[in-house]
Amino acid sequence: MIAPIDPVARHAWYPLAVDDGQALRRRTTLLGEPVALDRETGGAPAATDGEGRRLPVVSRHGHLWTTLGEPGALFDIPEAREPGRRFVPCGRVTIRASGLRVVENFLDMAHFPFVHPGILGDEAEPEVKPYRVEIVASTDEVWATECVFHQPRAALSASGGVEAAYRYRVPSPFVAMLYKTCPARPDALDVVGIFLQPRHETLTDVFPFYYVFDEENGDAEIAEFQQMIFLQDKSIVENQIPPTLPLDVGAEIPTRADASSVAYRRWLKAKGLTFGVTPTRDRAA
Amino acid sequence: MVLHDHVLSAEGYAVRLMAALSGLVLDHRVVDILAGPATPPPLLEIDAASMTGVRPILLHLAGEAGGGWLPAEPAGRAAVLDWLDFAAGNLSAARRLREIRLFGRPGDAPALERAVGSAYRRLDDHLAERLIEGSPFLVGSGPTIADVACFPAVALSDDVGVPLDRFHAVSRFVDAVTRLPGFVPMPGVLVLPDPLA
């Protein structure tokens with residue numbers, strides 16, 4: 001059975017391509033619906049759904065976004081306007097799992113030492129120290145703050161291990177970002193994130209991106225670092241069962257380190273999102 | 001020697017793996033493989049010269065490394081060269097299917113999936129015979145560049161989307177290569193702990 005698209009998913013913005021200004025032609029699916037994105041050389045991008053209906057398109061945060069519904073404003077990334085910061089898009093990678101599983105993995109620090117050993121974590125120091133989590137009512141976003149993790153190589157610009165400080169931000173169910181200590185500029189924070197295109201409930205195209213301070217490395221090197229980390233996560237996320245995200249309390253047992261996941265799931269449930277969510281067991285049956 | 005490739009390139013991985021297993025040190029330059037329509041093959045720069053593609057680079061590195069990576073006796077040497085062809089030919093379906101599934105590259109996925117299945121089957125049949133003969137490797141008793149050339153296409157089977165469940169001898173082969181001294185994985189290659197260690 002194909003799940004109907006819930007209003008929360010329908011009215012959200014989704015990325016369909018990196019906006020490099022070039023001509024493009026993409027035939028894909030969004031929330032299970034066919035969509036097309038086209039741009040002639042020098043022209044404006046146009047998106048249509050399976051019935052040929054014109055969909056809104058905006059260019060933001062280096063990507064082209066569309067929606068199947070009537071969305072509000074796309075979230076802002078104020079840091080993007082800071083002088084000296086570089087935007088580096090990291091292409092597109094397909095993951096066979098719910099986008100919600102991908103976001104949850106992105107929020108998780110406990111896997112760093114085991115999935116990214118020698119880079120984002122050290123198997124000798126696996127502890128996730130307590131951190132704060134809140135659902136910010138005014139902006140309707142999930143934030144995890146005061147996160148600290150020992151990282152052997154926190155970024156491409158790192159020359160040794162650091163106690164990396166993290167803040168996580170979820171501005172939309174299918175978007176996750178983090179702010180972390182910039183090794184090249186200890187007074188500044190690098191911004192790393194993922195924009196997700198949920199193609200189906202359990203098939204997701206991921207657009208990783210960076211807003212960084214890094215004067216040493218080229219775009220290709222910076223993108224490669226992020227792509228390497230992201231592909232290390234891929235098989236972990238794809239092997240989670242079920243591939244959708246359960247929101248029932250007690251469906252999976254969280255630990256203290258999972259506080260951000262608990263808040264994310266609670267937030268999704270309160271919104272009434274169902275796309276990519278494990279169907280609730282029918283207890284009456 | 002400077003290797004131009006990308007950490008997610010399956011072909012580049014064959015070269016990186018060969019260097020790691022044989023203790024050769026390569027400098028790296030990143031090529032943005034996701035930007036273009038097709039993944040460029042790895043390129044090795046040696047002084048003023050350069051060579052492109054897995055086969056010539058592995059042959060060159062085998063010469064640099066010495067030892068048994070390319071057997072000197074004609075039968076073994078011929079068999080290794082055959083498997084290098086197999087890796088560049090039949091197994092290229094796995095590389096292309098992985099890029100369709102991972103990076104959304106265009107291509108005929110169902111046809112490639114059949115091609116990958118038959119390439120894995122041929123490899124499995126040969127490796128099953130080799131196991132009976134007492135070796136998990138493609139040629140002879142130890143690893144050669146034939147193993148290195150074929151390894152990425154099967155070790156990345158998860159990304160390719162063709163599970164190794166039906167190919168037990170191939171699974172044993174993947175296991176044996178991951179246990180070699182100096183082995184390095186790449187993202188997508190799952191290294192399971194040795195139950196006997």
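1. Helices (H or I, at least four residues) and strands (E, at least two) are DSSP runs, numbered from the N terminus. The model is predicted: local features need pLDDT of at least 70, side-chain atom pairs count only at pLDDT 80 or more, and totals for chains, interfaces and linings use all residues. Residues are numbered from 1 along each chain as its sequence is written, chains are lettered from A and ligands numbered from 1 in the order in which they are written, and side-chain values use heavy atoms, with hydrogens and water left out.

2. On a 1 Å grid over the protein atoms alone, a cavity is a set of points where a 1.4 Å probe fits but cannot get out, and a pocket is an open set with protein on both sides within 12 Å along at least five of seven lines; lining residues have an atom within 4 Å of a point. Grid points are joined across faces, edges and corners, and a volume is the space filled by probe spheres set on the points.

3. Largest pocket. Its volume is about 1100 Å³. The lining comprises 42 residues, and those closest to the centre are A:Arg26, A:Arg92, B:Leu34, B:Phe103 and B:Gly104. At least two lining residues come from each of β1 (14-18), β2 (24-30), β8 (86-89), β15 and α4 of chain A, and from α4 (92-103) of chain B. The top contributor is β2(A), with six residues. By class the lining has 19 nonpolar residues (Ala, Val, Leu, Ile, Met, Phe, Trp, Tyr, Cys and Pro), 15 charged (Asp, Glu, Lys and Arg) and eight polar (the others, Gly among them).

4. Second largest pocket. This one has a volume of about 900 Å³. Of its 33 lining residues, A:Met228, B:Val7, B:Pro185, B:Met186 and B:Pro187 lie nearest the centre. Two or more residues are given by each of α3 (112-115) and α4 of chain A, and by β1 (2-5), α1 (10-22) and β2 (27-30) of chain B. The largest share, seven residues, is from α4(A). The lining counts 22 nonpolar, five polar and six charged residues.

5. Largest cavity. There are two cavities of 30 Å³ or more, and the largest has a volume of about 220 Å³. It is lined by 19 residues, with A:Phe106, A:Leu120, A:Leu178, A:Gln226 and A:Ile229 closest to its centre. Here too α4(A) provides the largest share of the lining, five residues. The lining consists of 13 nonpolar, four polar and two charged residues.

6. Second largest cavity. Its volume is about 60 Å³. Among the lining residues are A:Asp190, A:Tyr210, A:Asp214 and A:Phe225. Both β15 (203-212) and α4 of chain A supply at least two residues. Seven lining residues are nonpolar, one is polar and two are charged.
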